[in-house]
Amino acid sequence: MADARIVVRLDEPIAQINPNIYGHFAEHLGTCIYDGVWVGPDSPIPNIDGIRRDVVEALKRLNPPVIRWPGGCFADDYHWQDGIGPHEERPRTVNLWWGESIESNHFGTHEFIRFCRLVGAAPYLCGNVGSGSPRELRDWVEYCNFSGESTLAMTRAANGSAEPFDVCYWGVGNENWGCGGRFCPEDYGTEYKRFSTFLHDMSGTPLYLIACGPNGNNPDWTRRFMSKIGDYSRIHGYAAHYYCGTAGTATEYTVDQWYQLLQRSRKVETLIAQQRAILDGYQPVGVGARRRIGLIIDEWGTWHPPTPGRHPKHLWQQNTMRDALVAASTLDIFNRHADKVVMANIAQTINVLQAMILTDGADMLTTPTYHVYEMYKAHQGGMSVRTTVDTPNVTFAGAEGDESMPMLAVSASHKEDLLTVSVVNYAADTPIEAAIDLRQGRARGGHVRVLRAADIHGHNTFESPHAVEPATAPLDRSGEMWPFTFAPASVTVLHIHLG
Ligand code: AHR
């Protein structure tokens, strides 16, 4: 047993947690869309006009605020016109980046908007800069958002939606330093200015235009892109990608590899601080003023080696307690930086990379990462408050010698008199007794939810889909300071009534 102290400073608000920090990303890749979301209206798998009912029900429980689609790399080779109109007339195209699968285009704009509405999420469309044109992207905006009688708006009505889709979030390309066109920052800056010039608010829907940011924490991309565009009036969000990768495989890792991956996932905190500081250098903010360009972590998560027996380009991977701790500790970082991060979309929703959901024919399971999102949803929209943690460190063998990291990660937020404190105990085999100190507040009971497994490799399978699930118990604590023991390798959320 180790000792720690967690101070929740209720009198030190950071900022309101943008619910979009709990966003998702779904790409036409492997079985994320086809099988994962779309089975078609004639499928024996229960569906709502072709969209899996079990997946809709499961995602709804997460309160997903936003879903980014159709890619990823797929976006810069996607032509939205291929995905509208009668299904039998849509072209069959080749998915260039993801195993040359045949893309039926049966899941297109209307189907995606329907999916978003069924789960209660805002749609975020990522446009094609790499192989598309400003005309193609401005037409997609008109098709989605224009309420007048233009040919494109009337085509949308003929295809089933007289009402505009009112899509607010638009990505101007994806990874344009790589699969999105291999641009240098200056050339992408030129393209960004050209494309964004033609993307207008239509019929009263204000557009939130998102530029492609760096691969990881690359200051050079950001400085050169920001210097090039000069005029920041047509940029609202700036999107970095951060994949922490792997250590070992998805399900087989040593205790040292457990820590190596968790440690690497924590580096997104440096990315947030440094990228935010660079952006602020171009768009200074006065004290108390809102930042004009929002920092987005557009894609993030673990990326394990290909799973034997699966197509290596389909990026299917299992999801264990280690992925759950990566998710929880990353969400804690986003919460703690609620003043700096406006949106974050984990990659990806179903059957790809760090998924919420895995499907196999008619079967579906929710992953440990799903349970973290469900447990953490109380933070969405809450006021993030400063926390300080005195915790012992754990030492482990890193790639280049011994490394150490704190045993606990924490974030806290409140909505009126409901305080949510989330705590990750990274220590693989050490329980930690922490004194919880609610500075300026007193607890009056509540409840606690804990996600843990008998083993650090714990995960759900189709044979045993409920092996890893959170347990809920009453929290019979009162007063300003009280002890709580955090189980090894666990995620805990304390829901505390203040009073
Ligand atoms: O999420 C898988 C891929 O990772 C995306 O298509 C791409 O944007 C990133 O490289």
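User: What should I know about the model before going on?
Analyst: The model is predicted: local features need pLDDT of at least 70, side-chain atom pairs count only at pLDDT 80 or more, and totals for chains, interfaces and linings use all residues. Residues are numbered from 1 along each chain as its sequence is written, and side-chain values use heavy atoms, with hydrogens and water left out.

User: Where is Asp166 found?
Analyst: Helices (H or I, at least four residues) and strands (E, at least two) are DSSP runs, numbered from the N terminus. Asp166 sits in the loop between helix H4 (151–158) and strand E9 (169–172).

User: How do I read a phi value?
Analyst: Most residues other than glycine have a negative phi, and most peptide bonds are trans. Asp166 has a positive phi, near 50 degrees. Glu416 also has a positive phi, near 50 degrees. The loop between strand E19 (408–415) and strand E20 (418–425) holds Glu416. Glu416 is exposed, at 72% relative accessible area.

User: Which peptide bond at Trp69 is cis?
Analyst: The bond from Trp69 to Pro70 is cis, with omega near 5 degrees. Pro70 lies in the loop between strand E5 (66–69) and strand E6 (93–95). Ala347 and Gln348 are also joined by a cis bond, with omega about -10 degrees. Gln348 is in the loop between strand E13 (341–347) and strand E14 (357–360).

User: At what angle do H1 and H2 pack?
Analyst: Axes are lines fitted to C-alpha atoms, for helices over the stretch in contact, and angles run from 0 to 180 degrees between N-to-C directions. Helix H1 (residues 53–60) and helix H2 (residues 109–119) pack at about 50 degrees, with their axes 8 Å apart. That makes H1 oblique to H2 (under 35 degrees is roughly parallel, over 145 roughly antiparallel, 65 to 115 roughly perpendicular, the rest oblique).

User: Which residues of H1 and H2 meet?
Analyst: Contact means heavy atoms within 4.5 Å. Val56, Leu59 and Lys60 in H1 meet Phe115, Leu118 and Val119 in H2. By class, the contact of H1 with H2 has 5 nonpolar, no polar and 1 charged residues (Ala, Val, Leu, Ile, Met, Phe, Trp, Tyr, Cys and Pro are nonpolar, Asp, Glu, Lys and Arg charged, the others, Gly among them, polar).

User: What span should helix H5 have?
Analyst: Take 1.5 Å times one less than the number of residues. H5 (residues 185–197) has 13 residues and should span 18 Å; its end C-alpha atoms are 18 Å apart, which agrees.

User: Which residues of H5 are buried?
Analyst: They are Pro185, Tyr188, Gly189, Glu191, Tyr192, Phe195 and Ser196. They cover an arc of only 165 degrees around the axis, so they lie on the same side of H5 (the arc is that of the directions from the helix axis to the C-beta atoms). Their cover includes helix H3 (134–145), E9, strand E10 (208–215) and helix H6 (219–229).

User: Is Arg322 buried or exposed?
Analyst: Arg322 is buried, at 0% relative accessibility. Arg322 belongs to helix H9 (residues 321–336). Leaving aside neighbours within four places in sequence, Arg322 has contacts including Thr246, Tyr253, Trp258, His304 and Ile456.

Technical notes
Buried < 20%, exposed > 50% of the residue type's maximum accessible area, 1.4 Å probe, protein only.
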